[in-house]
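Student: I should like to understand the reasoning behind the terms used for a protein model. May we go through them one at a time?

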Amino acid sequence: PGQTKGTSLAYFWMLTGTEDMVKPDRHIRGFLQDQLGLRSVTAEDALDILRACCEKLRPEFPFVTVRLLDYAIWSYQCSRRAAD
């Protein structure tokens, strides 16, 4: 119970150092919805989108990871919310 979306489990893996996971919480999914003009983004969509972004960014930014993007988006969303 409580693990139907897998958000906590994904976050656990991120905390253990896994670089290729995203915690698909409301901050991440909301950001992707807003930026991509989508009505909704599932947890699986969020991971796929951020993995694709990493592939595009790696030639110029070789150290970018899904986990790093997750953190950057989460921080951005929190700072926007605090400013409101």
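Tutor: Let us begin with helix H3, whose buried residues pack against H2 and H4. This is a predicted model, in which local features need pLDDT of at least 70, side-chain atom pairs count only at pLDDT 80 or more, and totals for chains, interfaces and linings use all residues. Residues are numbered from 1 along each chain as its sequence is written, and side-chain values use heavy atoms, with hydrogens and water left out.

Student: Which residues of H3 are called buried?

Tutor: They are Ala46, Leu47, Leu50 and Cys54. Buried means under 20% relative accessible area, exposed over 50%, and partly exposed in between, with a 1.4 Å probe and protein chains only.

Student: Why are the buried residues of H3 said to line one face of the helix?

Tutor: Seen down the axis of H3, they fall within an arc of 95 degrees, so they line one face. The arc is that of the directions from the helix axis to the C-beta atoms. An α-helix has 3.6 residues a turn, so residues three or four places apart point the same way. The face of H3 turned away from the buried side carries the exposed residues Glu44, Glu55 and Lys56.

Student: What makes the span of helix H4 agree with expectation?

Tutor: The expected span is 1.5 Å times one less than the number of residues. For the 18 residues of H4 (residues 66–83) this gives 26 Å, and the end C-alpha atoms are 26 Å apart, so the two agree. Helices such as this one are DSSP runs (H or I, at least four residues; strands are E, at least two), numbered from the N terminus. The protein chain has four helices and zero strands.

Student: Why is H3 called roughly perpendicular to H4?

Tutor: Their axes come within 9 Å and cross at roughly 110 degrees. Angles of 65 to 115 degrees count as roughly perpendicular, under 35 as roughly parallel, over 145 as roughly antiparallel and the rest as oblique. H3 is therefore roughly perpendicular to H4. The axes are lines fitted to C-alpha atoms, for helices over the stretch in contact, and angles run from 0 to 180 degrees between N-to-C directions.

Student: Which residues make that contact of H3 with H4?

Tutor: Leu47, Leu50, Arg51, Cys53, Cys54 and Leu57 of H3 meet Val66, Leu69, Asp70 and Ile73 of H4. Contact means heavy atoms within 4.5 Å. By class, there are eight nonpolar, no polar and two charged residues. Ala, Val, Leu, Ile, Met, Phe, Trp, Tyr, Cys and Pro count as nonpolar, Asp, Glu, Lys and Arg as charged, and the others, Gly among them, as polar.

Student: What makes H2 roughly perpendicular to H4?

Tutor: Helix H2 (residues 26–36) packs against H4 at an angle of about 85 degrees, with the axes 9 Å apart. That angle makes H2 roughly perpendicular to H4.

Student: Is His27 buried or exposed?

Tutor: His27, which lies in helix H2, has a relative accessible area of 9%, so His27 is buried. Leaving out residues up to four places away in sequence, His27 touches Ile73, Trp74, Gln77, Cys78 and Arg81.

Student: Why does Tyr76 count as partly exposed?

Tutor: Tyr76, found in helix H4, has 39% relative accessibility, and therefore counts as partly exposed. Tyr76 and Ile28 are 48 residues apart in sequence and 9.8 Å apart in space, C-alpha to C-alpha.
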